[in-house]
Amino acid sequence: MKRRFNYVKFNHQHGYDMILDSETKAVELPGDHGDELRLWLRLLTCTTLIEGEVRGRLRERFDVTLPRFDLMAQLDKVPDGMTLSDVSKRMMVSNGNVTGLVERLVESGHLDRRTSANDRRVQVIRLTKAGRAEFRKMAAEHESWIADIFAGLSPKDVRELMRLLAKTKASAQKSAQSRA
C-alpha cells in the first residue's frame, strides 16, 4: 500500500513552505500519477477554482449562496413552477436539500409555494415577480463573470474544450452505465 503525504514546496519568492493542490502535486511528481488521474485532478482543480470565484462574487454582490442561485435558475426556466422532486432531480440533490432552500426563499419573498391541482400531496414552487426580477439581475452579472473567467480562451479554444468535454462526459456516462 502506497503511503499518502502532503507535498510541501518551498516558495522562494515569499520564503515559506506552501501545501500544493493535488493537480500541482501530480504535475511535479508525474511518476506517482497516470495521465487519466492527472486529467481528473485538472478538471477538479478548474471546477473548484471557478466555483469558488462564482460563490464569492454571488455572496459579495447579492448576499446569496450558489445553491439558492442554482434553484432560482431552474425555476426561471419554468414560469408555471416545478415540483420539489423535479427541482431536486434537475439540481442532482436530495429532496431534503431542496426543501431547506425553498423554505428560505419563500421566507425572503423570492418563491411562491402552492399545492398541486393534480395531487394534494405534491407542492409546486415558482419564482415570485420580485424573485424573477432579482434572479435576472444576478444572472446577467453571473454571465459577465463567467465571460471574464474564460477571457483567456479564444473562441476556437472554447469550441475545442466543449468538444473534448462532451467526449469526456460521454465516456463517464458509458462507464457509469456499464456498472449499472
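Which residues in H3 meet which residues in H4?

1. Pro67, Asp70, Leu71, Gln74 and Leu75 in H3 meet Val87, Arg90 and Met91 in H4; contact means heavy atoms within 4.5 Å. By class, this contact of H3 with H4 has five nonpolar, one polar and two charged residues (Ala, Val, Leu, Ile, Met, Phe, Trp, Tyr, Cys and Pro count as nonpolar, Asp, Glu, Lys and Arg as charged, and the others, Gly among them, as polar).

2. The model is predicted: local features need pLDDT of at least 70, side-chain atom pairs count only at pLDDT 80 or more, and totals for chains, interfaces and linings use all residues. Residues are numbered from 1 along each chain as its sequence is written, and side-chain values use heavy atoms, with hydrogens and water left out.

3. Helix H3 (residues 66-76) packs against helix H4 (residues 84-91) at an angle of about 115 degrees, and their axes are 10 Å apart. H3 is therefore roughly perpendicular to H4 (65 to 115 degrees). Axes are lines fitted to C-alpha atoms, for helices over the stretch in contact, and angles run from 0 to 180 degrees between N-to-C directions. Helices (H or I, at least four residues) and strands (E, at least two) are DSSP runs, numbered from the N terminus.

4. Three strands form an open sheet in the order S3-S5-S4, with antiparallel pairing (strands pair if DSSP finds at least two bridges between them). Strand S3 (82-83) and strand S4 (111-115) are the edge strands, each pairing on one side only. S3 is joined by two bridges to strand S5 (residues 123-127), and Met82 stands opposite Ile125 in S5.

5. H3 also packs on the sheet, where H3 touches S3, S4 and S5. The direction of H3 makes about 95 degrees with that of S5.

Key:
Angles under 35 degrees count as roughly parallel, over 145 as roughly antiparallel, 65 to 115 as roughly perpendicular and the rest as oblique.
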